[in-house]
Amino acid sequence: MHEDICTVALDKLVSLIVLPFHRRWSVDGSVESEDHNTRILNCSVLDRAPCSVGILVDRGHLGQSSIVAPGSSFSVAIIFLGGKDDREALAFGKRMTNDSTISLTVIRLVASADEVDGSKWDNVLDAEELKGFRYNDVREGFVIYLEEVVEDGPQTALLLRSIVDDYDLIIVGRRFNVNSPQTSGLSEWSEFPELGTIGDLLASPDITCRASVLVVQQQKMVTQ
């Protein structure tokens with residue numbers, strides 16, 4: 001089936017495929033079911049998709065929040081560490097600001113001053129992509145931009161645990177096999193590589209929260 005999905009995406013010039021995570025939650029936060037075949041499909045699409053891919057971890061609250069009451073908002077956060085997948089998450093978030101009912105917060109996790117994260121070119125691209133969010137110059141939308149300095153992975157985990165209940169949806173880049181000071185010590189505990197280190201942490205049953213998670217991977221260069 002992954003070939004059919006990729007073929008349709010290519011024919012229709014799709015920019016993003018969103019797939020459901022294979023694990024489903026009930027509204028009370030417990031794991032309701034798992035579908036191994038869905039996981040295999042997701043991993044195959046991630047490897048072969050002709051466009052960017054998102055895996056949606058629905059915690060069971062999105063259906064209740066899909067219709068926003070007048071005067072209220074749908075709270076979305078983007079967790080940004082850097083790199084191409086995180087920049088893709090920002091690009092998706094920028095499009096969401098066209099909806100006036102969406103409240104967007106960009107949280108950049110910065111490594112300690114004595115640590116260097118990523119290549120120089122990646123850092124340049126990150127700074128350029130973040131510029132509009134820093135100065136709240138994202139089309140007509142209003143965006144909150146925050147920076148948090150973290151020492152290592154455990155400190156990142158503590159920070160994320162403290163904010164998960166503040167949002168309806170959290171968007172992160174997959175950042176597969178990308179090492180950084182902000183995630184050091186976390187990767188060995190990851191259960192699902194298709195979610196990346198941060199996505200896997202947020203999707204863990206150990207974190208009881210209402211926020212659903214969208215893990216974004218920028219289009220990969222496929223070698224034949």
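Predicted model: local features only at pLDDT ≥ 70, side-chain atom pairs only at ≥ 80, totals over all residues.
Biologist: What makes S5 a mostly covered strand?

Modeller: A residue is called buried when its relative accessible area is under 20%. In S5, seven of the seven residues are buried, so the strand is described as mostly covered.

Biologist: Which residues of S5 point one way, and which the other way?

Modeller: Phe74, Val76, Ile78 and Phe80 point one way from the strand, while Ser75, Ala77 and Ile79 point the other way. Both sets are buried. In a regular strand, side chains alternate between the two faces of the sheet.

Biologist: How do you know that S5 and S6 pair?

Modeller: Pairing requires at least two bridges between the strands. S5 and S6 have seven bridges, in the parallel sense, and therefore count as paired. One of the residues involved is Ala77, whose bridge partner in S6 is Thr105.

Biologist: What makes the length of helix H4 close to the expected one?

Modeller: The expected span is 1.5 Å times one less than the number of residues. H4, residues 84-96, has 13 residues, so 18 Å is expected. The helix reaches 19 Å from its first C-alpha to its last, which is close to that value.

Biologist: Which residues of H4 are buried, and what covers them?

Modeller: The buried residues are Asp85, Asp86, Arg87, Glu88, Ala89, Leu90, Gly93 and Met96. Their cover includes strands S4 (52-57), S5 (74-80), S6 (102-111), S8 (169-173) and S9 (212-217), together with helix H5 (120-134).

Biologist: Why is the space beside Gly173 and Arg174 called a cavity?

Modeller: A cavity is a set of points where a 1.4 Å probe fits but cannot get out. The largest cavity has a volume of about 30 Å³, and the count comes to one cavity of 30 Å³ or more. Gly173, Arg174, Arg175, Val178, Thr183, Thr197 and Ile198 line the largest cavity. This lining divides into two nonpolar, three polar and two charged residues.

Biologist: What makes a residue part of the lining of the second largest pocket, and how many residues line this pocket?

Modeller: A lining residue has an atom within 4 Å of a point, and 15 residues line this pocket. Trp189, Asp200, Leu201, Ser204 and Asp206 lie nearest its centre. The space amounts to about 250 Å³. Helices H6 (153-163) and H7 (196-202) each supply at least two lining residues, and H7 gives the largest share, three residues. The lining comprises seven nonpolar, three polar and five charged residues.

Methods: Residues numbered from 1 in each chain as written. Heavy atoms only, no water. 1 Å grid on protein atoms, 1.4 Å probe; cavity = no way out; pocket = protein on both sides within 12 Å on 5 of 7 lines; lining within 4 Å. Points joined across faces, edges and corners; volume = space filled by probe spheres on them. Helix = DSSP H or I, 4+ residues; strand = E, 2+ residues; numbered from the N terminus. Nonpolar A, V, L, I, M, F, W, Y, C, P; charged D, E, K, R; others polar. Buried < 20%, exposed > 50% of the residue type's maximum accessible area, 1.4 Å probe, protein only. Contact = heavy atoms within 4.5 Å.
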